[in-house]
Amino acid sequence: AAMDVEPDKEALFNEVYDTEHVPILKAVPGVISVARFKTEPLTMIIGGERRTIVVETEPKYSALYEIESPEVLTSDAWAKAVDRGRWPGQVRPFTKNRRHVLYRRVEV
């Protein structure tokens with residue numbers, strides 16, 4: 001899950017995400033772990049040239065949920081969890097540029 005949040009709600013977004021939303025979702029059967037990320041400019045060497053990459057359209061915040069199977073996301077427990085706490089009423093309405101992507105780990 002990735003999204004932006006209105007600037008005046010950013011402190012509330014982070015507080016609720018860290019203290020309520022993540023713990024609630026981690027308690028759902030089949031959720032293994034959750035990690036949060038914040039987008040930053042990327043500077044790297046490509047083809048011998050130093051480049052800084054900033055993708056303006058990428059959401060500022062991302063959360064990666066490790067789950068046992070995709071069915072976790074359609075379970076009754078997940079459905080109830082995503083609508084608990086302050087998230088649905090005080091935070092979700094102020095998010096935008098939301099993206100939800102399912103990745104399957106490739107073993108190497």
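**Figure 1. Arg105 and its salt bridge with Glu107 in the predicted model.** Arg105 has a relative accessibility of 66% and therefore counts as exposed, since the cut-off for that class is over 50%. Its partner in a salt bridge is Glu107, and the closest N and O atoms of the two are 3.8 Å apart. Glu107 is exposed as well, with a relative accessible area of 62%. The structure holds 8 salt bridges, and this pair is one of them.

**Figure 2. The salt bridge between Glu49 and Arg51.** Here the side chains of Glu49 and Arg51 meet, with 3.8 Å from N to O. Glu49 has a relative accessibility of 44% and counts as partly exposed. Arg51 is also in the partly exposed class, at 36%. Both values fall between the limits of 20% and 50%, so neither residue is called buried or exposed.

**Figure 3. A salt bridge that links distant parts of the chain: Glu15 and Arg86.** The closest N and O atoms of Glu15 and Arg86 are 2.7 Å apart. Glu15 belongs to helix 1, which covers residues 10-26, while Arg86 sits in the loop between helix 2 and helix 3; the two are 71 residues apart. Glu15 is partly exposed, with a relative accessible area of 37%. Arg86, at 24% relative accessibility, is partly exposed too. The view also takes in Glu20, which is linked with Glu15 and Arg86 in a network of salt bridges.

**Figure 4. Val82, a buried residue in a loop.** Val82 is placed between helix 2 (76-81) and helix 3 (87-91). Its relative accessible area is 19%; the limit for buried is under 20%, so Val82 is placed in that class. Which residues touch Val82, not counting those up to four places away in sequence? They are His21, Leu25, Trp87, Pro88 and Arg92. Leu25 lies 57 residues from Val82 in sequence, yet the C-alpha atoms of the two are 7.1 Å apart in space. In the protein as a whole, buried residues make up 28% of the 108 residues.

**Figure 5. Phe94 and its contacts with residues from Asp4 to Lys9.** Phe94 is found in the loop between helix 3 and strand 6. With neighbours within four places in sequence left aside, Phe94 is in contact with Asp4, Val5, Glu6 and Lys9. Between Phe94 and Asp4 there are 90 residues of separation in sequence, but 8.6 Å in space from C-alpha to C-alpha. Phe94 has a relative accessible area of 25% and is partly exposed.

**Figure 6. Asn97 and its positive phi angle.** Asn97 is part of strand 6. Its phi is near 55°, a positive value in a residue other than glycine. At 30% relative accessibility, Asn97 counts as partly exposed.

**Figure 7. A nonpolar patch on the surface.** Which residues form this patch? Phe37, Leu64, Val101 and Tyr103 do, and together they have about 470 Å² of accessible area. Val101 is located in the segment after strand 6 (95-99). With a relative accessibility of 53%, Val101 is over the 50% limit and so counts as exposed. The protein exposes about 7600 Å², and carbon and sulfur atoms supply 54% of this area.

Figure 8. Starting at the N terminus, the order of the elements is β-α-β-β-β-β-α-α-β. Taken along the principal axes, the box filled by the C-alpha atoms is roughly 50 × 40 × 20 Å. There are 16 positive and 17 negative side chains, and the centres of these two sets lie 1 Å apart.

Notes:
Residues are numbered from 1 along each chain as its sequence is written. This is a predicted model: local features need pLDDT of at least 70, side-chain atom pairs count only at pLDDT 80 or more; totals for chains, interfaces and linings use all residues. Side-chain values use heavy atoms; hydrogens and water are left out. Helices (H or I, at least four residues) and strands (E, at least two) are DSSP runs, numbered from the N terminus. Buried means under 20% relative accessible area, exposed over 50%, partly exposed in between (1.4 Å probe, protein chains only). Accessible areas come from the Shrake-Rupley method with a 1.4 Å probe; for residues, only the protein chains shown count as cover. Lys and Arg count as positive and Asp and Glu as negative; His and the chain ends are not counted. The place of a charge is taken as NZ of Lys, CZ of Arg, CG of Asp or CD of Glu. Patches are made of residues with over 30% relative accessible area and no salt bridge: like charges are joined within 9 Å, nonpolar side chains (Val, Leu, Ile, Met, Phe, Trp, Tyr) within 5 Å. A salt bridge is a side-chain nitrogen of Lys or Arg within 4 Å of a carboxyl oxygen of Asp or Glu. Contact means heavy atoms within 4.5 Å.
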